[in-house]
Amino acid sequence: MRPVIPYVTAALLFGLGTYGVLRRRNAVLVLMAVELMLNAVNLILVTADTTVRAALPHSGQVFALFVIVLAAAEIGVGLAIVLQLYRLRATVAVDEVPLAEPSPTVAADAREAR
């Protein structure tokens, strides 16, 4: 079997996922792009397991299963964060999320200004 087609497909999936992570503003779409990248890695692991003779049998499939478990945990935590962000800010746009908490004096000044 020639492993060129699965490797090229995995490279395209990974590139599409990277583009999605770098260009998307919606947090849910960023999570979907990360899932594309993880699926590309799974495809590479399974293809390498079938084409390369390793010392441990089926090691690529075991690693792929481990990546699937990590992806499920990532989606659970990521969606919880996105839902909390939507409750607090009423938006899931990634570029509008403040990365630092405001200092107490700035928050008090903002309340007094209202």
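This is a predicted model: local features need pLDDT of at least 70, side-chain atom pairs count only at pLDDT 80 or more; totals for chains, interfaces and linings use all residues.
**Entry 1: D49**

I started with D49 and asked which helix it belongs to. D49 is in α2, which covers residues 27–51. Then I looked up what D49 touches, skipping residues up to four places away in sequence. I got H58, S59, G60 and Q61.

**Entry 2: α2 against α3**

Helix α3 runs over residues 59–89, so I wanted to know how α2 and α3 sit relative to each other. Their axes come within 8 Å and cross at roughly 175°. The cut-off for roughly antiparallel is over 145 degrees, and therefore I noted α2 and α3 as roughly antiparallel to each other. I also sorted the residues of the α2 contact with α3: 15 are nonpolar, five polar and three charged.

**Entry 3: L85**

I moved on to L85, which lies in helix α3. Buried or exposed? L85 has a relative accessible area of 18%, so I wrote it down as buried too. For the contacts of L85, I again left out residues up to four places away in sequence. That gave me A90, T91, V92 and V97.

Last, I looked up how far L85 is from A27. The two are 58 residues apart along the chain, and their C-alpha atoms are separated by 9.6 Å. A27 falls within the α2 range, residues 27–51.

Conventions:
Residues are numbered from 1 along each chain as its sequence is written. Side-chain values use heavy atoms; hydrogens and water are left out. Helices (H or I, at least four residues) and strands (E, at least two) are DSSP runs, numbered from the N terminus. Contact means heavy atoms within 4.5 Å. Axes are lines fitted to C-alpha atoms, for helices over the stretch in contact, and angles run from 0 to 180 degrees between N-to-C directions. Angles under 35 degrees count as roughly parallel, over 145 as roughly antiparallel, 65 to 115 as roughly perpendicular and the rest as oblique. Ala, Val, Leu, Ile, Met, Phe, Trp, Tyr, Cys and Pro count as nonpolar, Asp, Glu, Lys and Arg as charged, and the others, Gly among them, as polar. Buried means under 20% relative accessible area, exposed over 50%, partly exposed in between (1.4 Å probe, protein chains only).
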